[in-house]
Structure formats: structure tokens, C-alpha cells
Amino acid sequence: MKIPHRRARVAGLAAVLLMTSVTAATPAFADSRPAAASVAGMRFATFNASLNRGTEGALVRDLSEPGNAQADAVAEIIQRAAPDVLLINEFDYDAEGEALRLFHDNYLAVPHGDAEAADYPYRYTAPVNTGVPSGFDLNNNGVVSGGDDAWGFGLFPGQYGMAVYSKLPIDEDAIRTFQNFRWADMPGALLPDDPSTPEPADWYSPEELAEFPLSSKSHWDVPIRVSKNKTVHFLVSHPTPPTFDGAEDRNGTRNHDEIRFWADYIAGGKAGGYIVDDAGRTGALKGGSLFVIAGDQNADPNDGDSTAGAIDQLLQHPKVNTGSVPTSDGAAEAAELQGGVNLAHLGDPAEDTADFSEPPGNLRVDYVLPSRQIRIIDSGVFWPTATDPLARLTGSYPFPSSDHRLVWVDADVPGAKPGR
Ligand SMILES: [Ca+2]
Ligand SMILES: [Ca+2]
Ligand SMILES: [Ca+2]
Ligand SMILES: [Ca+2]
């Protein structure tokens with residue numbers, strides 16, 4: 001498959017390579033180093049890479065030396081897509097930031113065939129709610145235990161976390177995280193109702209709601225420096241799948257409100273006035289700010305099980321540029337080859353970003369959504385057709401890399417320094 005080639009734009013690569021340490025033993029990791037990067041068209045990408053494992057520490061072990069086949073396939077996809085700024089969903093978090101570093105040093109920084117090594121001197125990860133035991137019976141099955149009773153579904157704290165890799169500096173002092181923002185503090189929240197009782201919105205008890213975080217993983221505002229005085233806010237998250245629940249639709253309603261969080265955040269002013277970050281600072285994104293929303297939103301605008309209108313909160317948001325939808329020939333071909341429910345979908349199969357067995361079939365769930373001031377130069381989904389040699393990287397179940405595909409957008413960022 002053809003991905004438009006863009007020439008390297010980070011100057012001083014050798015100097016950058018000498019500086020590889022991340023601060024250890026703090027909950028979050030962000031490398032900030034001066035760099036002579038200059039930017040015209042920037043490539044932003046999101047990739048649910050399935051770099052999650054069944055037990056705590058397993059990802060670090062897999063990444064601690066080169067040669068893990070799945071991590072190699074994921075890294076080669078990233079190298080071929082060559083984003084400047086990348087969100088990875090489903091990347092197990094560890095408190096030392098080891099997986100973040102090891103995936104870079106042992107996989108991204110190592111060439112795969114004719115796919116060139118990639119250097120991401122700036123990286124960020126932080127704790128997530130997945131796998132963190134709540135101490136409550138959140139799925140109301142009579143016992144407190146297991147992934148369903150964690151604050152986000154997961155078998156250990158950090159499973160299905162997130163990672164940001166950037167070729168451009170991250171303004172780490174200005175990062176905001178919203179891991180702990182309480183769902184009940186969102187005005188008009190769709191708090192789920194147990195339909196078997198007369199009381200409204202009572203699936204979760206008052207004691208549970210007093211602690212219940214909105215975010216199933218976390219929501220991060222990661223400002224990327226695109227020139228001396230200009231930043232783009234990379235707004236990343238991974239809302240829960242709307243499935244694996246019952247008539248109360250506790251996951252569908254949470255998915256809807258996790259997506260709504262960014263809609264309110266970018267709206268600013270009154271709409272986002274309720275927002276409080278993990279450092280206790282209130283308020284939404286400042287008006288006029290540039291942003292790119294990225295992530296597996298677990299919601300398709302037409303098909304699947306998400307709550308009505310969930311992703312339209314972003315796709316029809318006046319501040320979001322949705323003038324161009326990333327597509328691939330591989331997705332169109334997969335829908336045809338797999339048939340079944342895919343043929344009954346309302347959405348254009350070329351826009352699908354995930355290869356799901358049915359239900360629900362293949363869906364558009366992964367998004368890169370720039371703000372209105374940012375022109376979209378080009379976009380695509382890394383989903384090669386079956387006869388393309390690169391189909392070995394995406395494949396079919398069991399997938400060599402992930403059931404999701406990398407989605408990229410080339411963005412003309414105003415105020416970014418030209419010179420690429
Ligand atoms: Ca339970
Ligand atoms: Ca009820
Ligand atoms: Ca549901
Ligand atoms: Ca579809």
C-alpha cells in the first residue's frame with residue numbers, strides 16, 4: 001500500500017539519541033528536551049495496538065529484548081506510517097515507564113526490513129483506571145472481584161493503558177490529566193439505571209458514585225510544541241466498549257459520556273466549566289486553542305452498539321474539522337470478503353478501522369480529529385489489501401498485530417514553523 005512519504009524533519013538526531021532517560025519512580029513520564037524541530041504538515045496518528053498482556057509485568061518482559069513477533073509487527077506498522085505524534089491504546093502501564101522505553105529502544109528504534117528506524121525522543125504515559133480494584137460490586141453480581149469490579153475493566157492496574165510518542169517536544173508542565181474526574185460531577189451525566197427498580201439512575205449506589213471516575217482509562221491533554229510559542233493539544237483517551245453489560249447499559253452510557261467529556265472540553269466556556277483535572281485545576285480548553293483529538297472511541301457513527309449519538313458529539317461538533325474521513329481499500333475489501341453483518345452496515349466500509357467478528361462486524365471506532373483551524377492535507381488507515389505484501393502486518397484473526405488499524409491525518413497546523 002502507498003503511504004505518502006514525508007521527509008525527515010527532526011534536526012540533530014544524533015544529539016537527541018544521546019538523551020534517552022525518563023524520570024523514574026514518578027507516576028508520569030514526559031521527556032522534555034530542546035530540539036530544532038520545525039513543522040509544516042504534521043502527521044498525527046492513533047493506533048489501538050493490542051500491546052496488552054494477561055498478567056502484570058508480561059509486557060515489560062516481552063519488550064525487554066527484540067524479537068517479540070507481535071511487537072515487531074506493531075512497530076513496523078508505526079515505522080511505515082511514520083507519524084510525528086502518536087497515541088497507542090492498549091499499552092500496559094507500569095510505574096517505572098519501562099514498557100514505554102523498551103518498546104521505543106528495542107522495537108521502534110530498530111529497522112524492520114526496509115522500514116526505517118523511528119526516533120521518538122518525547123514520550124508520555126501515566127496511570128489509568130483499568131484494573132484498579134474499586135472495592136465495590138460494580139457489576140452487581142453479588143461478589144466483589146475481578147475485572148468487572150475495577151474502575152475500568154482490567155485484570156491488573158495498568159492493563160490496557162495508553163502511551164504517547166512524539167518527535168516534537170511535549171510541554172510537560174502544561175499536561176492535564178483527568179483520571180479521577182468523577183462521572184457524577186458531569187452535569188446531566190447518563191448515570192445508568194437498574195430497570196428492575198423504580199428509583200432512577202440507581203445501578204450504582206451513592207457510595208460508588210461518590211468515587212466513580214468518568215474515565216475508564218484516563219483522559220489526557222498533552223500539549224505538543226509545534227513552534228516556539230505554539231502548541232497543539234493532543235487530547236487522548238480510550239472510552240470503554242459499550243458492550244459487556246446488561247439492560248442498564250452501564251458501559252454504553254459511560255462510553256457516551258467519556259466521548260462527551262472532550263466535546264465539552266473543546267467547547268470551552270460554560271459547557272466545560274465543570275471540568276476539574278487531577279491537580280485540582282478547573283476549566284476547559286482555552287478558546288482558540290489548537291487541538292487534535294485521538295483515540296479508539298469505541299463508537300461508530302452508524303453501526304454497532306454505542307449509545308445513539310455518542311460519536312456525533314465530536315463528529316458534529318462545530319470546533320472539529322471533519323471535512324475528510326480516513327479510509328482504506330483494505331477495509332472495503334475486508335467487508336466484502338467477510339460478508340455477513342458487514343453487508344448490512346449503514347456506514348461506508350472503507351471508513352472502518354477495526355476488524356471485529358460479528359456482532360458487531362467491522363467498525364469505524366478509531367479517530368484523529370483536528371480542530372477547525374487545522375486544515376487536513378491528507379489522511380488514511382493502514383489497512384493493506386489482501387494481495388499487498390504488507391498485509392502480513394495486519395492479517396486476519398488471529399491478528400499478527402492488532403484487531404484495530406492505525407489511523408493517520410496529515411495536518412496543516414497554523415503557526416507551526418515551516419521548513420520541512
Ligand atoms: Ca461483582
Ligand atoms: Ca431503577
Ligand atoms: Ca451496552
Ligand atoms: Ca462497517
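Mentor: The radius of gyration is taken here over C-alpha atoms, and the globule rule is 2.2 Å times the number of residues to the power 0.38; please keep in mind that this is a predicted model.

Trainee: How do you know that the radius of gyration of the protein chain agrees with that of a compact globule?

Mentor: For 420 residues the rule gives a radius near 22 Å, and the protein chain has 20 Å, so the two agree. The C-alpha atoms fill a box of roughly 65 × 50 × 45 Å along the principal axes, and buried residues make up 58% of the 420 residues.

Trainee: What makes up the secondary structure of the protein chain?

Mentor: The protein chain holds nine helices and twelve strands. Among its contacts between residues at least 6 apart in sequence, 76% join residues at least 24 apart.

Trainee: Why is Pro 242 called buried?

Mentor: Its relative accessible area is 10%, and buried means under 20%, so Pro 242 falls within that class.

Trainee: And what is Asp 249 called, buried, partly exposed or exposed?

Mentor: Asp 249 has 24% relative accessibility, which lies between the limits of 20% and 50%, and therefore Asp 249 counts as partly exposed.

Notes. Residues numbered from 1 in each chain as written. Chains lettered and ligands numbered in written order. Predicted model: local features only at pLDDT ≥ 70, side-chain atom pairs only at ≥ 80, totals over all residues. Heavy atoms only, no water. Helix = DSSP H or I, 4+ residues; strand = E, 2+ residues; numbered from the N terminus. Buried < 20%, exposed > 50% of the residue type's maximum accessible area, 1.4 Å probe, protein only. Contact = heavy atoms within 4.5 Å.
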